[in-house]
Amino acid sequence: MPADAWAVALAIGELSHSRESDRAQRLSRNQHPARDPMAAQERRIDDTMLIREAQRGNRAAFEELVRHYDHAVLRLALHLTGSEHDAQDVYQDAFLKAYKNIGNFRFECSFYTWIYRIVTNLCLDHLRKKNVRKEDSTVTKDADGGEFDLLDQLADKRAGANPERDLMRRQLGARIAVALQKLTPRERMVFELKHYHGLKLRTVGEILHTTEETAKNTLFRATQKLRGSLADMK
Amino acid sequence: MKCEWLRENIVLYVYGELPDDARHELEQHVARCADCAAELKAEQDFHILLVQDRAADPTPNLLAASRMRLQEALETAQQGGFFSRLAFDPVNWLRQVRFSPALASAILILGFAGGIGTMYKIRPTDQGTAAPIQKASQAPDVSIAGINSITQEPGTNQISIKYNTLATQEVQGSLNDQRIQQLLLYAARNNYNSGVRVDSVDLLAQKTNDLQVRDALIYALQNDTNPGVRLKSLTALGTYVKDDANVRDAILRALVNDTNSGVRIEALRLLEPVEADASVRGVLMTLAAKDQSQYIRSQARTMMAQLPEID
């Protein structure tokens, strides 16, 4: 057993309290590891310790690990499903699955890649099951199961917002959402991870268990389809 | 640089996914090709449109509610123990396989194909030193390529280690032997030892009538990190500068982009038979006016002076 694992015989609660202020400064919820190499390195060390503790059955360690990634996971699920209720289900299923299988995690990839794999598989299942009632429908469901029109969403809460620009942005969002529904689940996933979440295509390939080259080709097809669907928009 | 290549890779350029050398080539091509410049502008405009649509952040309430719900579920959830990893869940497996026929086929093929993994079971002796008690197979010149997994059965001293091995092999034959050619092509692209790459390019230079060989030499000219390999590839390709447009373009790129002056000077020399070509003429004009190397500027001017005037 590696030496660093023995060094983590501390209550995870105490550990997280004492380092919370440092972590809050350096490791923000929205921070992408690639943008700050020092923070990424520190996070990797934190994660390794937390993963080993979680593998020994320490639930507090697992919950701490969840907090490192759950904002990004929820954001991905929310945008892909278009529904707060479905996003919560994906979030729940993903982290429960991670908890039950963390004993199988062998550090062959980063925990980031591993958890994203779980989430994307759940989202792909969701996309495959999802039926679009009308081809150009902008109607979807909210957390209570009620229907609403995408055109009515994304209300601008900023003071002094430009109503005309706000309307144009909502219309654009709705049109793009409809165009995205015409992509295959894999095309949608590659585009989502690259365009909305800024992942490198190499990482996208690792997450989807494919090559970078395949991810590139999929991105090309997805953007070609989107250009076709949105050709009249400027 | 072909227009078709550009159109297939323009999305990667816009998303910043092209390697630096390919990005540079694309920009050079766009500067000369109006159609591709228009296509690039259209793609960039479309990208600007898409960027205006952002993925919304989850609200603090949604995140907090999700965390609370997960916490409640974790209180009753159980982690998989050692034996649960071995348990086979046929229902879950069928559900996954139903949507993944390719995955199912791949698993079956891998299961029946001969693997290269070897598993040893090591049991500590009374003196505390491990001694192998069972070997599945062992090759005489075996070296370890990597360790896949290390597991210990709980409550026992049994440790299982899965590792991959490398086995050195040798093949002999003539340059006309297909296997020899395949290995030479592989060596020219992939070997970590530049001496081996130089040797392979040297031999492949004798078979430049083969298009696959020419492609490998073009690849080496454009991508190899060793200038000696690039120079040998360049010299080998020189014979085809008049007959093969891909070779001419590759040599032009080497003249413009290569970091080694020896490679650039040789490229300039090899382009003399095609100096009247429009693309070559265009590059010579630019080099004559702007190149950092005085020798290259001077040679480019000399070549331009020898060209007939265009009406």
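Two residues are taken to be in contact if their C-beta atoms, placed from the backbone, lie within 7 Å; the views below show a predicted model.

**View 1. Contact of helix 8 of chain B with helix 9 of chain B.** From helix 8 of chain B, Leu184(B), Ala187(B) and Ala188(B) meet a set of residues in helix 9 of chain B, namely Val196(B), Arg197(B), Ser200(B), Val201(B), Leu203(B) and Leu204(B). By class, this contact has seven nonpolar residues, one polar and one charged.

**View 2. Crossing of helix 8 and helix 9 of chain B.** Helix 8 (residues 178-190) of chain B packs with helix 9 (residues 194-204) of chain B at an angle of about 135°, and their axes are 8 Å apart. The two helices of chain B are therefore oblique to each other, and their crossing is left-handed.

**View 3. The side of chain B that touches chain A.** In the model, which scores ipTM 0.72 and pTM 0.49, 28 residues of chain B are in contact with 37 residues of chain A. Helix 1 (3-14), helix 3 (34-51) and helix 4 (60-76) of chain B each give two or more residues to this side, and the largest share, nine residues, comes from helix 4 of chain B. By class, the side of chain B that touches chain A has 15 nonpolar, six polar and seven charged residues.

**View 4. Stretches of chain B with pLDDT below 50.** Chain B has a mean pLDDT of 79, with 77% of its residues reaching 70 or more. Over residues 120-131 of chain B, however, the pLDDT is below 50, although this stretch has 16 contacts in the model beyond near neighbours in sequence. Residues 133-137 of chain B also stay under 50, and for them the model has seven contacts beyond four places in sequence. Where pLDDT is low, the predicted coordinates should not be read in detail.

Key
Residues numbered from 1 in each chain as written. Chains lettered and ligands numbered in written order. Predicted model: local features only at pLDDT ≥ 70, side-chain atom pairs only at ≥ 80, totals over all residues. pLDDT = per-residue confidence, 0-100. Helix = DSSP H or I, 4+ residues; strand = E, 2+ residues; numbered from the N terminus. Nonpolar A, V, L, I, M, F, W, Y, C, P; charged D, E, K, R; others polar. Axes fitted to C-alpha atoms, helices over the stretch in contact; angles between N-to-C directions. Parallel < 35°, antiparallel > 145°, perpendicular 65-115°, else oblique. Left-handed = near helix turned anticlockwise from the far one by under 90°.
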